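Open the model in your viewer and keep the sequence panel at hand.

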Amino acid sequence: MPEAAARVPLITIGGFLGAGKTTLVNQILEQAAGQRIVVFVNDFGAINIDYELIQTRDTDRISLKNGCVCCSLNDDLVESVAGFVKQPAPPDAIVIEASGIADPRALDSSLTMLETAGMVRSDAKLYVLDAANFQDLEFDDAETIIDHAAVNDIVLMNKSDLVRPEARGKIHDLLSEAAPYSQLVETVNCDIAIDMVFGAAPVSNKAAKPSSSALQTPQHAKTYQSWSCEFHGLLDREKFEVFAMSLPGKCLRAKGILRFSDAPDEPQLFNLVGYRATMEPKVQTEASALIRFVVIGLAETFDAAALEASFAQVVTEKTC
Amino acid sequence: MSEEAKSRLFYGGPIVTMDDDAPMPEAVVTRAGKIHFAGALEEARTVAGSDVTEVDLAGRTLLPGLIDAHSHILWAAKTRGAPVVDVRAETVPTYRALLAKIRRRVAAAKPGEHLIFFGLDAQLHPDMEQPTRAQLDEIAPDNPIGIQTSNCHALFMNSRGFEACGIDETTETPTGSIIERDDAGRPSGKIAEAITWRALEVFYDAWGDDRLSEEFHASIRDFIQNGITTVTEHLYLPHYKAYYLSALKQGLPMPRVAAYQQAVTADMQVEKLNIGEDRLWMAGVKIHADGSPFIGNIWLTEPYLDTPITLERMDLKPGHTGSLNYPQDYFEKMARTYFGQGWRMSIHTQGDRTIDMVLDLVEDILAKNPREDHRFRLEHCALMRCDQIERAQKLGVLCSFFINHITHWGAPIEDALFGPERAAHYMPAGSARDAGMRISLHADTPMTDPSCLELMKAATTRLAGDGRCLGESERLDSLSALKAVTIDAAYQIGMEDRLGSIKAGKHADLVILERNPLETPHLELADIGIAATYLAGECVWTNA
């Protein structure tokens, strides 16, 4: 079995027809910025990629110049995903756009199989909800969407520019009860920051000190905020677990390479999306005792100073 | 020529017959609804003659039609079909979300409309509280509503619901049932066991026969699409018969139904049904000796764990060891009576102390009235101990395991209800197989969805939803698991001479799978595609 840390993060995108799933796929491909992403799409014909970006185009596969690949979602999803993961240079992430009306859980058994085989790590489950059309839906359709939204980590309330604030408020209230383990983000043209989709890669070399910054996205330049830190040291495991449990609600994403005082030589890869956190051993690629941690959230609820203060309580040792 | 009388020749892929005499023949010929021949392809062509439709398996695998030995095909339609609202924790993750969903549905209801919500779960809804009648009255003052637990055994109702069902302070609690009451004797919200199912019938009746027919069709489709050609109706009641007859009359591909009539008293009439050519027959009598591990009414030698789930959400006392559904002598009288009438018995047993009691009874009955081929069945068998398996095997008692408990509730079974030692032998299918017992596996639909391949995966992996394994030593090998949903399941329902394997003379119930389950990794079993289902030689479903 491959090392846990070599598992490729896998992201799913659900949502009714017309909600904006394909728009989100396009956003991801455009913002990839050096990451090699493989996307499986349900409606291959609807993908509208700028001609300039395309390297080759086959009947069921488009290769982009930036290294990303877009494939048609066929019957052999497990085999297709395995094919990419087993390549000598596996992709940085895999994205699967689920079919329009289908229950998002329909993908679950394939995902479990890939996870158990050690090939992928189920990362964010995204759901696109059409805010403009939601209020006019029949009761049963609205309930189906609510049920589907509830099993996802992040729900994009898309086309939010087309509805009044009161209607947005209603959707917020409804989902905060019905989908308590999903985080809701308002978007226009699915303009969610790519770091929110994939979790910011905590590998930048510049952020040696704690820093917070606003993320740049095309339309919503100041919607998101992040806080990150990088230092040599160790953390208290129990205190970190308490800290991690306090994160949902304060942020959408957190990610890091962590080292704990009870096992300093066993770095852990931590991932949190919405309300779901995972921790797994990280393959030791460097000798240093470096800790890296990054948190991303919505600007209006984000409190970088408070995060920094609570994280400081978790640190037991810091050398620089 | 009618579709059923057609002759077919299957070849071109693995043929897994589950018949030890000819386990992997090259070809199979069906004729007039029966298996006509299984053997070499050349001989098959000679036997089949010219008027035959050849079916090229093209590498796919032919198996006998799958059998779920404990299910409720009509009751599934009643219980789960629209307009029942699904509130299981898989999509409605908290109790708060569940109440919100009920409020939304009530707001959209017609005046007086009967509403049922299925899937309240003390183990999986983390903030669950027991709903009270007063609380439900506030949510739904004008509509009869009921919330059924996901294990089917309990129902919470509002005042309109109690009124509709005719249950009030003057109602005596039937033996074997539970009505929780306030100090004045007025029902306070919760009812459990047999009275639950009686009360629900009031709601199903209110929705009318058209609804039930439509949902019954959907239920039939659900089983057939999963390659299941024989099911049981494990809570059969006499008035169900009309629905099966109507389905058969309409020519619907209803799987064969082995009915087990539900007994709640010792004086019920059990009809010696036998409709069509093995389409519907009375296989035996079912009695609930105890209830559900998930609401606390099973009888144990060792108590439940004391955890927030057992003490708060399930509302049990510390050190709870549960109890039987009926007073012991009442239960024994029922079992002796129906056994005495010659019926095969199917007893719902979950707790080990219940199983002790039932095995004592079987021993006594057989000592007084020896019967060679009694096939006494124990259903579900969650907490059966190893010594009890040995004893059951000696007595000729058979176990049918509700293995999906592990996939659906594995984590709370271990952490919140019974602890790691009991969890490691929960639904001990491996021990029963090792003891030489002919076991079966079941999904108990509507409690979990119909799929014999999911049962095989659950039994061979014993993986809970969160990825943990509950008792590696109790895992089955693929062949044992496949037997438990084919030939050994047929044995348990008393039809091993006509169903459960591909052998000349047996019914031509067949399924074509995209992959051979005996050569598929255990984790992938549930994802094998069903290519086609044949019932009595007739192709009743294909994925093409």
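## Stop 1: a lysine in a strand

Select B:K190, which sits in strand β12 of chain B, residues 187–193. This is a predicted model. Is B:K190 buried or exposed? Count its C-beta neighbours inside 10 Å: there are 22, so B:K190 counts as buried. The cut-off for buried is 20 or more.

Now show what B:K190 touches. Leaving out residues up to four places away in sequence, its contacts are B:Q130, B:A154, B:F156 and B:E180. B:I179 is 11 residues from B:K190 in sequence, and the C-alpha to C-alpha distance is 6.3 Å.

## Stop 2: two helices of chain B

Next, select residues 352–368 and 386–395 of chain B, which are helices α10 and α11. Their axes lie 11 Å apart, and the helices pack at an angle of about 25 degrees. Angles under 35 degrees count as roughly parallel, so α10(B) is roughly parallel to α11(B). The crossing of α10(B) and α11(B) is left-handed.

Show the side chains where they meet:

- From α10(B): B:D352, B:I355, B:D356, B:L359, B:V362, B:E363 and B:L366.
- From α11(B): B:Q388, B:R391, B:A392 and B:L395.

Colour this contact of α10(B) with α11(B) by residue class. You get 6 nonpolar, 1 polar and 4 charged residues.

## Stop 3: chain A as a whole

Switch to chain A. Cartoon view gives 9 helices and 16 strands. Of the 320 residues in chain A, 42% are buried. Among contacts in chain A with a separation of 6 or more, 75% join residues 24 or more positions apart.

Colour chain A by pLDDT. The mean is 84, and 88% of the residues reach 70 or more. Then select residues 1–5 of chain A, where pLDDT stays under 50. The model has 10 contacts for residues 1–5 beyond four places in sequence. Residues 202–208 of chain A are also below 50, and this stretch has 10 contacts in the model beyond near neighbours in sequence.

## Stop 4

Notes
Residues numbered from 1 in each chain as written. Chains lettered and ligands numbered in written order. Predicted model: local features only at pLDDT ≥ 70, side-chain atom pairs only at ≥ 80, totals over all residues. Axes fitted to C-alpha atoms, helices over the stretch in contact; angles between N-to-C directions. Helix = DSSP H or I, 4+ residues; strand = E, 2+ residues; numbered from the N terminus. Parallel < 35°, antiparallel > 145°, perpendicular 65-115°, else oblique. Left-handed = near helix turned anticlockwise from the far one by under 90°. Contact = placed C-beta atoms within 7 Å. Nonpolar A, V, L, I, M, F, W, Y, C, P; charged D, E, K, R; others polar. Buried ≥ 20, exposed ≤ 12 C-beta atoms within 10 Å, placed from the backbone. pLDDT = per-residue confidence, 0-100.
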